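Here's a quick tour of a structure for you to follow along with. Keep the picture open while you read, and look for each part as it comes up.

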Amino acid sequence: MNFFERLPGAFSPPSKPEERGDVGVAALGTHHTITVASVTLVADCGGALYWPDEGLLVVADLHFEKGSAYARRGVLLPPYDTAATLARLAGLIAHYAPRAVLALGDSFHDVGGPARLLPGDRATLATLQRGRDWIWVAGNHDPDPAANIGGGFAATLGIGALTFRHEPTRGAEPGEISGHLHPVARVSRRGRTVSRRCFASDGRRMVVPAFGSYAGGLNIRDRAFAELFDDLGFIAHMLGEERLYAIPAHRCLGD
Amino acid sequence: MTLLESPIVSALPEPFARWFAKRGWSPRAHQLELLEKARADKSVLLIAPTGAGKTLAGFLPSLVELTELRTRRGSKKLVSTGSAIRREGGLHTLYISPLKALAVDIARNLETPVAEMGLPIRIETRTGDTPASKRQRQRRDPPDILLTTPEQLALILATPDGPYMFGSLRRIVLDELHSLVTSKRGDLLSLGLARLHRLAPGITSVGLSATVATPDDLRRYLVPQPPGSGALADLVIAEAGAPPDVTMLDTAARLPWAGHSAMHALDEMYALVGRHKTTLIFVNTRSQAENIFQQLWRINEDSLPIALHHGSLDVAQRRKVEQAMSDGRLKAVVCTSSLDLGVDWGDVDLVINVGAPKGASRLLQRIGRANHRMDEPSKGILIPANRFEVLECTAALGAVRENAQDTPPLRTGALDVLAQHILGCACGAPFHSDDLYEEVRAAAPYADLTRSDFDAAVDFVATGGYALKAYERFAKIRQDKEGRWRIAHPMVAQRYRMNVGTIVEADMIKVRLVRSRASKAVARGGRILGEVEEYFIEMLTPGDTFVFAGEVLRYEALVENEVYVSRATAEDPKVPSYEGGKFPLSTYLADRVRGIIADPSARRGLPDQVREWLEIQEWRSMLPGPRQLLVETFPRADKYYLLCYPFEGRLAHQTLGMLLTRRLERARLRPLGFVANEYALAVWGLGDVALRLERGDLTLDALFDQDMLGDDLEAWLAESALMKRTFRTCAIIAGLIERRFPGQEKSRREVTISTDLVYDVLRKHQPDHLLLRAARADAATGLLDIKRLGEMLSRIKGRIVHKALDHVSPLAVPVMLEIGRESVYGEAADSILAEAADDLIKEAMR
C-alpha cells in the first residue's frame, strides 16, 4: 500500500531540517518533488525530471542505438532498444506536454549512432520534437552535434538557478543537474533485494538516472558518488512501479 | 583346467588371456559380451553397477581390435589425404567423460594393462588443461585412443581439422551416460555424435551407465535416429552385485520438526565414523556440508581425520582430499554431489546419506560408492534431518528394496544448444541447411525438431533472428553462391571457441583469506579458499560471519572480483544460504511419500515419534488420500494462513506460491507472503480465506485451477528474477552474450550488458523469439518447474479437501517453522521499496 495515499493532501516528513540539509521530499499523488538549490522539480517514476516552472522535461543517458553498436562488434542484441526508449519518452511527453525537452548527454551510444537510426525511429523522434524545443547536451559518447536528428546542441546549459551538464563535476556550484553516472540503488528487506535506477540528490545537486533501455547502472555506493556528494549525505529516490521511494544512501547496499 | 584353457578366456586374444590369467582374474560375462557386440559392429548400452569393471568392458574391444590392427600392419606409414599428410591409422577410439578429472584418471588406469601387456597402443587425454602445443600435435598425429570431455569434442568439431581427426574413428565410448544425458551438455554431445556419425560412417558407440528407469532412452541416444522411427543400440545388463544393505538410523534422539542440520544425530554419526574404515557422508547442499563438517570437528575428541569436499572449494584443495582418500589416510569425508561421479577413491565401507535422498536412483548410486567388491553388499545408512525426511527416507528404502528407478526421461534438445552447435558447424566447414537439418535430427534429443525451428536457429545465428531485419550487415554467418552457410569472418570462429560449452555457472566470487583489518587498509595477498555465488555475498554486510571451507569467516570487503574475509571466532555464524537441495524430490518418491501418509498399514512401520505425529494430525485435521490435496486454513496472530501439501518439491511450490498470491490479491484477500519447502506451501495474509470459502464467493477448485498457468504465469514471468536468470543462461549458451573475449580478460561487469534489460526489451517487442522460447522450455523443468506444477494441478482437480482449523496442525508445523528461516517470497518488489522508505519515515517521526 502506498504510504502517501493514507494521508490527505501533500506530505512532508517532519524531519529536523538542520539535520537533513536542504533535502526536501514531498509527494503529490504520483508526483514526487525534489528541491535542488531551492528549485522545485518533479521526479517521475518513469526516470525523467520535470521542471514545471519552465515546462522543461529532462532525460539523461538515452544511449540510443546501443543495440546496433554492440551488433557492429558481433553481439547481436535485439534491435528494439531505441524504439523502446522512444516509446517510454513519448509517454512522458504526452503526459507533461513540455515546452522543451533536454537530453542530458550520451543520447547516442556512439558517434555512429545517429547514422544508424532506423527510419521508423527517426520519424518517431521527429514527431516528438514537433512543436517544442529540443536540446541535445553533449556527452562523452556523443561529444559533437550530429546531422539529421533535429534539435539544438549545447555543451552545458544554465537556466535560472540550475546548470545542466552531462558529467557531474566535483565541487560544482549548487544547482548542477547531471547524468553520466547511471545511478542505481539497492535495498534489502527480509532476504529479498531490489535494485532500481534512482535520482541521487543532496538538495544542492542531482544526478539523474539513465533513461535508455539498455543503459546499465552504477551503484550509488560506488566511490564516484561519495566524491560528488559529501560522503553518504544524499538520498536515493528509487524508481518504483507507480511512485518513487526516497531512501538515504547510507541505508542502501553496495554491490 | 587352468584359467587359460577355460572357454571364456580363450575368447580373448593371447596377450589379453595371459594378462587376465596372470592376475588370477577372469573376464566378466558382460565384458566378453561387449567384445562380441563390437566384433559384430553393434552399438551397445552397458548397464552395470559400480565396481563391475565397466570401464574395462568399454575399452576391451578397442584394445583387442587395435592390437590386431597394429600388429598385423606393423608400423604406421605416412599417407596423403589430398590436402595433408597424415599417419595411417589415426584416431580409433574416442572416450567422453562428464568430468575432466575422470578422463585423466581413466587414462592412467588404462595405461597400466596396456603397458603390462606391451600393447602397441597410444592413449592420450585432451582437456581444458592440455597445453596448446600438445593439442596441435594431436591434430597432426592423433593417438589411438583419445579421452576427453563433451566441450573438447565440440571444440575440435568447430575446426577444419574435424574431418581429418575423426575420419578414421571406429568407436566411441561414453562414460557415466546416465549423468551426461540429463543436461544441456547431453544435448550438445548428442549433436557432436551426430556429426561424428556423418564424418565417420559405420562407427559404433558404447554407453556405460548406472541403472536407469528407461534404458531405451539411452539406447536411442547412442545410435543415429532415422526419420520417423526409433533405432536402438543393443543392451547388455551386467549381473547385479549383492543387494545393498541400507537402513535408516534408528535414533534415540528427538527428531526435529524442521531444518536440515541433522544435529540431533551428530553423536551417532560420529560413532559410526569411528566404527568404520572410511565413511562417505553425503549431504544435499554445500552449506550443510560446511555445517556438519564444522560440528563433527567440534566433537572430534579422537582427532579422526575427517575432510570436506564440495564444488566451491578450491580445486587444489579438492584434489588433496581425493588423494588422501585413495591413500586411505581419511576416516571420513563430508561431501556433496561433488563425489557422485568419478573414479573410486579408497576403501569406502560405509555411505551415510544425511537428509532427504531426493531420488531412488541417486541414492542407489551414492550407496554404490561403498564397497566395490561385487559379492559383498554396499552398506548405507540414511539419516533424516527432520520428520518429513523420515517419510522420504522410508519411501526411498522401499524403492531400494524393489530396486525401483526414477531417473528422468530423455530431454528434448534445447534450442539454445542447437544454435551453439550450428555456429560451431559453420566454424568447421560451410554447410547446406538441408544437410545439417537431416544430420541434427539423427540425434535422439532432436529427432522431433521441426524444420521451422531449425531455420529459426540458423537465422538466430546469422543475424540474431529478429523480425526487424536490422543486422544483415553484421551477420555472423552468410550464405555463399552455392547457398552454403559460412562464417563471415575468422574472428567469429575465434570467439566461438572461447565460449563453447553449456555450463553456465552462477557468477562466482573468489574468497580470499586476509588478516582482520584493524585500520582501513586491507591486507592483500592471502590464500584463496574457494568461490561463492555472487548473490550470496550481495546479501552480506561487512562484519557478517559465515562458515566456508570449514572455517568461520568474517566478511571484510569486496575488492574488485574477490571477497576478502578474515578468520572469526563467532559462536553463531551466519551460514551460507546456498541454494537449498539442488535436486528436487523426485516425482516417484513424492508418490511413495503420499502413499505412506495415506496408508495406515504403511504408517505402522514408521518410527514411533513420526507415527504419533501423523496420528495427531489425523485427529486434529486429516491425512489426505494419495491423490488428494489437503488444504488447511487457520488464523494466527492477526493473520490468516493457507497451507497445502502437494509434495512436489520446493521449486514447483515456489511457483505455485507466486501464482496463488496473485490470485488471492485479485480476490482482495491481501496476501503478505509465502514460504515453501519440499513438501508444503504456506501462504498468509490479512484476508480470511476460510470465511470466503464458507460464504461461497471463493472456491478452492477455482483458486487451484490449472488456468493459473495462463495469464497469471505470463504476467509473473515478465518480472520473475528466476525467469531472468534462466534467460541469461540461454542467451549465453546460444552465443548472444559472450562470457570470454579475445584479448585481455575483462570482468563481466565491465563488458557485458545486463541480460535483464535485454529480456525486458525482447519480451515486449518479439515475445516469440527463439531465446525466449528456449527460456520458457527451461522454465518448464528448471528453476520454475512449471511442468510438474501443471501435472499436480491436473491430478488434484476435484480432489481438494479443505479443513478449516482453529490453529496450526501438526503437519503444518515444519513449514511454519521455516518462516523467518527461509526468505519469504510473494511481495512485489515495490513493497520492499516501500518498507525501506517507511523506515526512513519512522526514523524521521521519532
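Predicted model: local features only at pLDDT ≥ 70, side-chain atom pairs only at ≥ 80, totals over all residues.

## A helix and its neighbours

Which residues of helix 12 of chain B are buried? They are Arg286(B), Ser287(B), Gln288(B), Ala289(B), Glu290(B), Asn291(B), Ile292(B) and Phe293(B). The helix itself covers residues 286–298, which makes 13 residues. From first C-alpha to last, helix 12 of chain B reaches 18 Å, close to the 18 Å expected at 1.5 Å a residue.

## One residue in a loop

Now look for Ile203(B), which sits in the loop of chain B between helix 9 (184–199) and strand 8 (204–209). Is Ile203(B) buried or exposed? Ile203(B) counts as buried because 21 other C-beta atoms lie within 10 Å, and the cut-off for buried is 20 or more.

What does Ile203(B) touch, leaving out residues up to four places away in sequence? Its contacts are Leu169(B), Arg170(B), Arg171(B), Ile172(B), Leu196(B) and His197(B). As for Leu222(B), it is 19 residues from Ile203(B) along the chain, and their C-alpha atoms are separated by 11 Å.

## Over to chain A

Chain A has 6 helices and 17 strands. Of its 255 residues, 49% count as buried.

Take the contacts in chain A with a separation of 6 or more: 68% of them involve residues 24 or more positions apart.

Conventions:
Residues numbered from 1 in each chain as written. Chains lettered and ligands numbered in written order. Helix = DSSP H or I, 4+ residues; strand = E, 2+ residues; numbered from the N terminus. Buried ≥ 20, exposed ≤ 12 C-beta atoms within 10 Å, placed from the backbone. Contact = placed C-beta atoms within 7 Å. Expected span 1.5 Å × (residues − 1).
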